[in-house]
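Hello! Here is the structure I promised to pass on to you. Have a look at it first, and then read my notes below.

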Amino acid sequence: MKWARTTAIVFLLAVSAACLLANFIAPASYARQFREEPNAAPSRQHLLGTDDLGRDRFSRVLYGTRVSLLLAPAAALLSSLLAAFIGGIAGFAGGWVERCVMAGTDLFLSLPWLFLLITVRALLPLNVSPIVSVLITFAMLGCLGWAGAARIICADAGTLGQ
């Protein structure tokens, strides 16, 4: 199993390095269009082909992954901070506070938040820049992912308080 962990770490580091060096690795810029080659199949020039506007898919994946790799840890940090705060307060307070907070957490876990994400994105104006849209999406992911970890922290904090 140690080889699997090592392989995963090497792969993640390689993907991260490729994304951070996208300016040098990518065969074309993010938005460059090859208008004579829309929907082209994968080739030496376009490793993953082109989309319907003739943009190189491999370049777009590299640049898009850069944004995800930078914002996903921020969303995870936000989620962890919320879980630590809510679960810690509930666990240390105990009694009726814990029951009320955990009931709210259970309700939060039971709701399909993916639909809220889709709805919020649909309600954003069409002229919102892509980076603002991505920031809003990752902020919402961070605000919606705390409940499961809060239950665990509450249980641990409750055993510490006894």
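Are R55 and D51 buried or exposed? Both of them are buried, where buried means under 20% relative accessible area, exposed means over 50%, and partly exposed is in between (1.4 Å probe, protein chains only).

Before going on, please note that this is a predicted model, in which local features need pLDDT of at least 70 and side-chain atom pairs count only at pLDDT 80 or more, while totals for chains, interfaces and linings use all residues. Residues are numbered from 1 along each chain as its sequence is written, and side-chain values use heavy atoms, with hydrogens and water left out.

R55 and D51 form a salt bridge, with their closest N and O atoms 2.8 Å apart. The term stands for a side-chain nitrogen of Lys or Arg within 4 Å of a carboxyl oxygen of Asp or Glu. Searching the whole structure gives two salt bridges.

D106 also pairs with R151 in a salt bridge, and here the closest N and O atoms are 2.9 Å apart. D106 sits in helix α4 (residues 95-110) and R151 in helix α7, so this pair ties together parts 45 residues apart in sequence. Helices are DSSP runs (H or I, at least four residues), numbered from the N terminus. D106 is partly exposed, at 39% relative accessible area, and R151 is partly exposed too, at 34%.

Now for the inside. The largest nonpolar core has eight residues: A83, F108, L117, M140, L144, W146, A147 and A150. Such a core is a set of buried Ala, Val, Leu, Ile, Met, Phe, Trp, Tyr and Cys residues joined through side-chain atoms within 4.5 Å. Helices α6 (130-144) and α7 (147-161) each supply at least two residues of this core.

Enjoy exploring!
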